[in-house]
Amino acid sequence: MTAMANISWKWAAALLTVILALVPFWPGALDSYLFSFLFFVFIYAVMAQGWNLVAGFGGQISLGSHAFFGLGAYTTAILWSGNYLWGSLYETFPRIYYFDPVTMVLSGLVAALAAALIGLPLLSKLRGDYFALGTLGFGEILKVIFVNGGDFTGGAFGLVTPSSTFETLMPHYYVGLGLTVGTAVAIGWLMRSRYGLALIAVRDDEMAASANGINTLKVKVAAFAGSAFIAGIAGSLYSFYIFHVGPDSVFNLDWMLLPLMMTVVGGTGTVLGPILGAFIMYAVFDIARIFVPDYHPIISGLTIILAMLFLPKGLVRKILPMSLARN
Amino acid sequence: MTLPSPEIFLQLSINGALGGAMYGVAAVGLSLIFGTMRLIFLAQGAMIILAAYLVRALFQNLGIDPFLSLIIMVPVGLVAGWLIYQGLFRKAAAEEDRNISLLIAVGVMFLVQNLMTVIWGGNTAAVVTSYTASGIELLGVRASFTRSMGFLIALAGTALVVLFLRKTLVGKAVRAASEDMTAATLMGISPHKVNAIAFAIGIALAGAAGVAVATTFPFNPFAGFIFSLKALVALALGGIGNVAGALAGGIILGLIEAYVQFFISGGWTNAIAYGVFLAVLMFKPEGLFSRPYKKA
């Protein structure tokens with residue numbers, strides 16, 4: 001039965017993806033509120049999936065996702081506004097940096113590199129809460145460095161990229177959707193691989209994993225860097241939306257707290273949980289923001305508390321059969 | 001960079017230490033809660049700011065002197081802490097997944113911050129009394145009266161907590177639970193009881209810290225989070241689980257901030273404070289004051 005359920009759930013997910021991919025063709029969809037709503041759901045789902053990789057599957061609670069998100073956004077903004085990548089080609093093709101895959105991947109790589117550099121010493125020395133506190137400290141340091149970075153980072157104001165390139169939200173939507181599906185498929189596949197097994201083994205019992213010949217440090221740092229790569233690309237995507245990358249906006253703690261919250265509400269250590277959590281939590285926040293603007297953070301706060309009190313294991317484990325939810 | 005005169009240096013140190021004691025008292029509360037529950041109670045800063053607003057309300061509406069309101073704030077804090085634990089954390093404390101408690105703390109933080117914004121507005125508030133501007137002059141160095149009082153409150157609060165932990169049977173139970181919850185439970189200590197006591201004392205300390213903050217600094221509903229972060233740094237400096245160390249860690253952090261602000265620039269204070277924090281976590285995770293034989 002579970003095999004059947006497994007297959008039908010995959011079909012349902014594929015069908016939903018196709019429906020979401022067709023949304024922009026609906027007349028008037030491009031200008032609708034729903035469209036930008038879905039774009040933000042995608043960004044948060046990608047961030048949540050990234051956090052899920054290191055914390056849900058890897059068991060290392062990182063409180064530094066916002067640092068990698070900001071690093072990715074800044075990398076894109078710096079490359080673009082300073083034209084460090086394409087040189088004279090930029091004059092011929094003024095839109096070359098806009099959704100440029102090379103820039104986006106580089107943004108992810110910068111974040112991943114930073115994560116590897118900070119992760120190696122942190123993860124070899126620190127465990128559990130100390131690692132969480134360390135990543136939190138790293139995020140704050142990075143923010144101050146970018147504020148004090150002079151012309152290179154634009155100081156406290158940040159950097160502005162040419163917003164004249166913006167035409168519609170269409171590319172944002174498709175890249176967001178693609179990243180959401182892509183990270184979910186990639187992580188789902190990864191967790192079935194040798195590496196995924198090793199990662200789960202390290203989470204469940206580090207000593208036993210190590211005794212079985214797993215290089216636990218390597219596995220943990222790889223998960224941390226992979227999660228940073230995902231966050232960096234999400235940051236890059238966001239910078240194509242906001243066109244103004246500033247320390248207070250992209251290094252905002254919300255970029256860490258909200259994805260974390262969405263993952264836990266959806267189900268940590270599941271592939272579908274972060275996506276479901278992002279969708280539901282962002283909907284709750286946004287509805288509260290529209291209908292009770294003065295009180296919306298109160299409602300957000302209440303929602304988190306209630307969700308944790310009554311759904312501590314996450315929604316996915318509530319509504320899906322156990323064998324499926326585990327993956 | 002020119003070296004300052006000894007007077008300026010002393011003045012700098014005193015201001016830093018007095019301000020740092022505020023981080024210290026917040027860190028003591030965090031340390032207690034972390035000790036038994038292994039929970040980073042991120043809402044502690046928001047609780048302190050809430051207490052500061054209550055102190056202001058008592059002062060403005062009922063004319064109660066801010067320092068006198070300690071008599072009200074501490075018992076209210078004890079009761080509130082007990083209720084918060086029983087209502088919100090009791091169930092989550094039993095779960096193995098500690099993310100749940102952490103997220104409830106985040107939820108409480110959001111809730112408290114925004115309740116304060118709705119009730120008192122988002123602007124910066126301050127408590128101004130007849131003695132706010134007065135200071136104590138000693139050996140050519142001037143210390144603000146309210147800051148000194150805040151320092152005394154922090155010192156007295158920490159001393160009381162240390163005495164409670166060392167001298168009473170309940171305190172001993174809390175210490176035992178912090179060291180090894182499983183073993184403590186096997187010895188007949190109720191986990192919920194010690195957790196609730198730790199929470200009650202932690203929030204009572206937030207009440208006392210609120211008095212100190214209200215009289216010393218201007219504050220706004222969102223100032224609490226930075227306060228929580230600084231308290232975490234102080235906690236790590238002092239060694240997680242070491243109550244007196246947490247206060248000392250806060251004072252050290254205050255000194256670092258004062259020196260960085262003077263010698264380098266105000267913009268780098270946070271980066272250097274967190275840099276020290278990371279360095280301590282990496283090279284001396286048991287804190288600056290631990291003795292080798294003691295388990296961290």
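This is a short chat about a predicted model with chains A and B.

Colleague: How many residues of chain A are in contact with chain B?

Modeller: 32 residues of chain A are in contact with 33 residues of chain B.

Colleague: Which helices of chain A each supply at least two residues to that side?

Modeller: α5 (101-125), α6 (128-147), α12 (254-266) and α14 (296-310) of chain A.

Colleague: Which one gives the most?

Modeller: α6(A), with 11 residues.

Colleague: And how do the residues on that side divide into nonpolar, polar and charged?

Modeller: On the side of chain A that touches chain B, 22 are nonpolar, 6 are polar and 4 are charged.

Colleague: New topic. At what angle do the axes of α2 and α13 of chain A cross?

Modeller: Roughly 135°. The axes of α2 (residues 33-57) and α13 (residues 273-291) of chain A come within 8 Å.

Colleague: Left-handed or right-handed?

Modeller: α2(A) passes α13(A) in a right-handed crossing.

Colleague: Which residues meet there?

Modeller: From α2(A), they include Phe37(A), Phe40(A), Val41(A) and Tyr44(A). Among those they meet in α13(A) are Pro274(A), Ile275(A), Phe279(A) and Tyr282(A). The residues of this contact of α2(A) with α13(A) divide into 11 nonpolar, 3 polar and 1 charged.

Colleague: Over to chain B. How far does α8 reach?

Modeller: α8(B), residues 191-216, has 26 residues. From its first C-alpha to its last, α8(B) reaches 37 Å, close to the 38 Å expected at 1.5 Å a residue.

Colleague: How many of the residues of α8(B) are buried?

Modeller: 23 of the 26, so α8(B) is largely enclosed by the rest of the structure.

Key:
Residues are numbered from 1 along each chain as its sequence is written. Chains are lettered from A and ligands numbered from 1 in the order in which they are written. This is a predicted model: local features need pLDDT of at least 70, side-chain atom pairs count only at pLDDT 80 or more; totals for chains, interfaces and linings use all residues. Two residues are in contact if their C-beta atoms, placed from the backbone, lie within 7 Å. Helices (H or I, at least four residues) and strands (E, at least two) are DSSP runs, numbered from the N terminus. Ala, Val, Leu, Ile, Met, Phe, Trp, Tyr, Cys and Pro count as nonpolar, Asp, Glu, Lys and Arg as charged, and the others, Gly among them, as polar. Axes are lines fitted to C-alpha atoms, for helices over the stretch in contact, and angles run from 0 to 180 degrees between N-to-C directions. A crossing is left-handed if the near helix is turned anticlockwise from the far one by less than a right angle, and right-handed if clockwise. The expected span of a helix is 1.5 Å times one less than its number of residues. A residue is buried if 20 or more other C-beta atoms lie within 10 Å of its own, exposed if 12 or fewer, and partly exposed in between; C-beta atoms are placed from the backbone.
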